[in-house]
Amino acid sequence: MTEKGFSSRILHADRRNPIEHGSIHKPVHTAVTFAYDDAHELAAVFQGKQFGYSYGRQVNPTVTALQDKITLMESGVATACFGTGMAAIGTTLFALLREGDHMVSSSFLFGNTNSLFNSFDVQGFDVSFVDATDVANVEAELRDNTRVVFVETIANPRTQVTDLERIGTLCAERGIIYIVDNTMTTPYLFQPKSVQASLVINSLTKYIGGHANALGGAVTEMGQFDWSTFPHIYDNYKVGDKSNWGIQQIKKRGLRDFGASLGPEAAHHLSVGSDTLALRMERNCANAIALAEYLSKHPKVKKVYYPGLSDHPEHQRATDLFRHYGAIFSVELTDDVDCFDFLNKLDLVICTSNLGDTRSLAIPVAHSIYYEMGPERRASMGIDDSLVRFSIGIEETDDLLADFEQALA
Ligand SMILES: *Cc1c(COP(=O)(O)O)cnc(C)c1O
């Protein structure tokens with residue numbers, strides 16, 4: 001039999017690990033602690049000799065089911081879930097890197113990731129920011145102590161597409177951990193495993209959960225990095241398959257010790273939301289391309305940034321790598337149009353900071369999420385004062401087109 005499709009595989013994942021009463025969802029297990037009749041068994045769980053549940057900060061059955069589902073989506077080997085996407089990124093780097101290490105990061109980053117990396121740069125390891133749309137810029141910054149290269153797939157808000165494949169080859173050649181934040185593309189549009197990613201980050205809050213009703217984050221081990229070459233794995237975690245050493249350390253030194261755990265109720269919401277990821281992405285992306293094409297021809301629009309448009313600098317790369325072009329685009333209006341007036345006239349589009357929702361959302365980025373970083377850093381990221389970012393939802397295409405038309409009239 002040929003391999004089943006994305007949705008067929010993930011929809012039946014829970015119940016194939018038998019659940020009581022034939023329940024088709026993993027139940028919400030609210031217990032913080034788990035009892036053992038035999039103290040030997042409890043000891044074996046704590047010593048990592050057998051899988052089991054110890055304490056809710058480290059493991060929970062509802063969260064484990066979600067972790068398994070994310071692993072399946074990303075074609076990985078293991079996943080650790082966290083309370084937010086930021087917790088997944090911060091905890092992973094905290095668990096792996098040390099003072100004296102160096103990381104190369106794309107300079108086109110989610111705003112809070114940018115802020116976090118600036119904190120790491122002064123409080124922990126060094127970070128160099130580069131234009132990661134060209135592997136040459138990454139290679140030029142590599143040092144003997146470079147341990148990690150961190151990139152996003154499609155950057156927000158300007159939609160730059162990272163040189164994902166060639167950076168993957170470079171990291172593999174140099175033995176550097178390659179971390180890809182797949183939030184904007186999701187495992188449905190893009191599988192970072194195919195470009196030799198070592199670890200994949202997803203903010204579950206966005207498309208995977210999809211309904212803006214729960215926060216969560218994940219890091220997935222791809223099984224492609226040789227952790228025996230990495231100098232910072234503690235002896236305790238050098239057990240079992242080498243491909244699991246990194247995620248074991250992230251789960252213990254990161255999740256357990258830092259405690260940014262995902263709760264069982266949120267895990268349940270995110271898992272149910274993820275059932276329709278493929279359907280939602282089909283509709284989100286179809287709407288986004290229709291709107292981007294319409295706006296790119298509109299006289300009141302100066303520029304549309306969307307990888308699906310043929311004038312986008314990485315249009316060909318996006319075509320080669322992704323199933324669709326994503327559902328985020330940004331727009332610069334002509335000088336005579338006030339971006340605040342335009343936003344206030346939109347009826348179906350909600351003015352808010354989130355992205356990856358079922359509803360269409362918009363935000364004037366320079367005045368909100370990228371305000372704190374200041375004009376200089378904004379300019380280096382190509383963020384104009386009039387730039388409006390849209391995250392397109394699953395409304396009917398004609399209704400969205402009509403809404404944009406009336407708001408620009
Ligand atoms: C939102 C987002 C994050 C952070 O996720 P939270 O769940 O909001 O903490 C990280 N990376 C990208 C690309 C994001 O869009």
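The model is predicted, with local features requiring pLDDT of at least 70 and side-chain atom pairs pLDDT 80 or more, whereas totals for chains, interfaces and linings use all residues. Residues are numbered from 1 along each chain as its sequence is written, and side-chain values use heavy atoms, without hydrogens and water.

Glu395 lies in the loop between strand E12 (388-391) and helix H16 (397-408); helices (H or I, at least four residues) and strands (E, at least two) are DSSP runs numbered from the N terminus. Beyond its neighbours within four places in sequence, Glu395 is in contact (heavy atoms within 4.5 Å) with Arg283, Asn287, Leu348, Thr358, Arg359, Ser360 and Leu400.

The domain assignment divides the chain into domain 1 (6-274) and domain 2 (277-408), with bounds from an automatic or database assignment. Their C-alpha centres are 28 Å apart; 40 residues from domain 1 and 41 residues from domain 2 take part in the contact. Domain 1 and domain 2 bury about 3300 Å² between them, 59% of it on carbon and sulfur atoms, where buried area is the accessible area (1.4 Å probe) lost on putting two parts together, summed over both. One salt bridge is found across this interface.

Conventions
A salt bridge is a side-chain nitrogen of Lys or Arg within 4 Å of a carboxyl oxygen of Asp or Glu.
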